[in-house]
Amino acid sequence: MRSKKFLRAEQAALIWDAPGLMAGVDEAGRGPLAGPVVAAAVILDDLNPILGLADSKKLTALKRERLYDEIRAKALCCSIAEATVEEIDSLNILQATMLAMRRAVEGLRLKPAKVLVDGNRLPVLDVLAEAIVKGDSKVQAISAASILAKVHRDRWCLELHEKYPQYGFDAHKGYGTAAHLQALKEHGATPWHRKSFSPVAEVLK
């Protein structure tokens with residue numbers, strides 16, 4: 001069964017169209033030093049378009065929040081999934097990202113005929129899939145997925161900030177900024193920091 005799935009994922013490089021529903025998939029949080037990596041999958045409704053979809057990194061926080069609610073209201077279906085800090089540390093960040101993406105696709109209420117994934121790597125899926133570099137700025141369904149993933153993770157960071165205000169998660173969202181690195185040196189690591197990432201491993205020595 002595993003080899004069959006592997007072959008189907010590999011075949012996606014041939015790029016052909018499958019009739020039926022198409023899902024876009026993207027992730028947020030590969031680079032930060034703390035927290036889960038988040039993935040989202042979205043199947044948009046062609047009869048209910050959403051204006052203003054774009055790469056989440058190019059949108060303001062306010063615009064992302066507004067689009068998040070609109071996507072949840074108008075999409076045929078969507079799914080948000082995570083891979084935990086423990087999974088990131090045990091698998092590595094790439095494999096944990098692929099795991100989160102697979103969970104997001106498997107969490108869709110409707111089964112897509114094809115999945116378009118942002119980037120140049122594919123998770124193992126039981127449906128036809130294609131990787132698209134810079135897909136979050138080229139494919140609306142991937143743009144929508146990038147917005148859901150980004151807003152979900154940013155909200156998680158705001159919740160973490162309530163518990164650990166000294167780290168400044170509300171500002172840096174877990175990324176290794178100078179302020180974050182200084183906080184790590186002063187206060188050590190929280191249970192939510194990724195121990196396999198070198199700046200965190202340094203303070204745990």
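Three aromatic pairs turn up when the whole structure is searched. In one of them, the ring centres of Trp156 and Trp192 are 5.5 Å apart and the ring planes meet at 80°, so this pair is edge-to-face. Trp156 belongs to helix α5 (residues 140–163), while Trp192 sits in the loop between α7 (178–187) and α8 (198–204), so the contact ties together parts that are 36 residues apart in sequence. The model is a predicted one, and the distances and angles here are to be read accordingly.

The two tryptophans can be told apart by their accessibility. Trp156 has 15% relative accessibility and therefore counts as buried, because the cut-off for that class is under 20%. Trp192, with a relative accessible area of 34%, is partly exposed. Another edge-to-face pair is made by Tyr164 and Tyr167, with 6.1 Å from centre to centre and 80° between the planes. Tyr167 is buried, with a relative accessible area of 4%. Together with Phe169, Tyr164 and Tyr167 make up one aromatic cluster.

An aromatic ring also meets a charged side chain. Arg155 lies over the face of Tyr68, 4.3 Å from the centre of the ring.

Next comes the strand β2, residues 37–43. Seven of its seven residues are buried, so β2 is largely enclosed by the rest of the structure. In a regular strand, side chains alternate between the two faces of the sheet. In β2 both faces are covered: Val37, Ala39, Ala41 and Ile43 are buried on one side, and Val38, Ala40 and Val42 are buried on the other.

Strand β2 has pairing partners in β1 and β3. Strand β1 (residues 22–28) runs antiparallel to β2 and is joined to it by five bridges; in this pairing, Ala28 has Val38 of β2 as its bridge partner. Strand β3 (residues 77–83) is also antiparallel to β2, and seven bridges join the two. Here Ile43 stands opposite Cys77 of β3.

Cys77 leads on to the cysteines. A search of the whole structure finds zero disulfides. For Cys78, which is in no disulfide, the nearest cysteine sulfur is that of Cys77, 7.1 Å away; a disulfide would need the two sulfur atoms within 2.5 Å. Cys78 counts as partly exposed, at 22% relative accessibility. Cys157, by contrast, is buried, with a relative accessible area of 0%.

Methods. Residues numbered from 1 in each chain as written. Predicted model: local features only at pLDDT ≥ 70, side-chain atom pairs only at ≥ 80, totals over all residues. Heavy atoms only, no water. Buried < 20%, exposed > 50% of the residue type's maximum accessible area, 1.4 Å probe, protein only. Helix = DSSP H or I, 4+ residues; strand = E, 2+ residues; numbered from the N terminus. Pairing = 2+ DSSP bridges. Phe/Tyr/Trp six-rings, centres within 6.5 Å; stacked < 30°, edge-to-face > 60°. Lys NZ or Arg CZ within 6 Å of the ring centre and 35° of its normal.
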